[in-house]
Amino acid sequence: MDCGLLNVLVNIGNHFDLKASVFQAPRRGIYSFSFHVVKVYNRQTIQVNLMQNDYPVISAFAGDQDVTREAASNGVLLMVEREDRVYLKLERGTLMGGWKYSTFSGFLVFPL
């Protein structure tokens, strides 16, 4: 993820690495993650994956050919081990403004 346009609003504990655009879990537990992305209008499909340690967990797609802007979102409750890495990966397509108009959120729901 090109993080040149990223703006971190909340990062308690500094477990989101802005330079790498990766969240690294400080402890084992159940986490909630969600994301929202906007595609560029150019008759293409985008696919964004939420990754855990380089493996795709969930995806979001946007592929309508007849709209000027289209968004895709997804969310998941995920069992995460201490030091697991969670991040977004653009698999296909182009996002509006790069990652500027996208959001990625996560928080610990239940420690284990």
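Which strand holds the place of M79? M79 lies in strand β6. The structure described here is a predicted model.

## Sheet

β6 belongs to an open sheet of 3 strands, ordered β6-β3-β8 and paired in antiparallel fashion. β6 and β8 are the edge strands, each with a single partner, so one side of each has no neighbour in the sheet. From one strand to the next, the twist averages 10°.

Strands of a sheet pair through backbone hydrogen bonds, either parallel or antiparallel.

## Nonpolar surface patch

A nonpolar patch on the surface is formed by L77, M79, F107, V109, F110 and L112. Together these residues have about 600 Å² of accessible area.

Which strands each supply at least two residues of the patch? They are β6, spanning 70-80, and β8, spanning 103-111. The most is given by β8, with 3 residues.

## M79

Is M79 buried, partly exposed or exposed? Its relative accessible area is 33%, so M79 counts as partly exposed, a class that lies between the limits of 20% and 50%. Patch residues need over 30% relative accessible area, and the 33% of M79 is over that cut-off.

Definitions and conventions:
Residues numbered from 1 in each chain as written. Predicted model: local features only at pLDDT ≥ 70, side-chain atom pairs only at ≥ 80, totals over all residues. Heavy atoms only, no water. Patch = residues over 30% accessible without salt bridge, like charges linked within 9 Å, V, L, I, M, F, W, Y side chains within 5 Å. Areas by Shrake-Rupley, 256 points an atom, 1.4 Å probe, with all protein chains shown as cover. Salt bridge = Lys/Arg side-chain N within 4 Å of Asp/Glu carboxyl O. Helix = DSSP H or I, 4+ residues; strand = E, 2+ residues; numbered from the N terminus. Buried < 20%, exposed > 50% of the residue type's maximum accessible area, 1.4 Å probe, protein only. Pairing = 2+ DSSP bridges. Axes fitted to C-alpha atoms, helices over the stretch in contact; angles between N-to-C directions.
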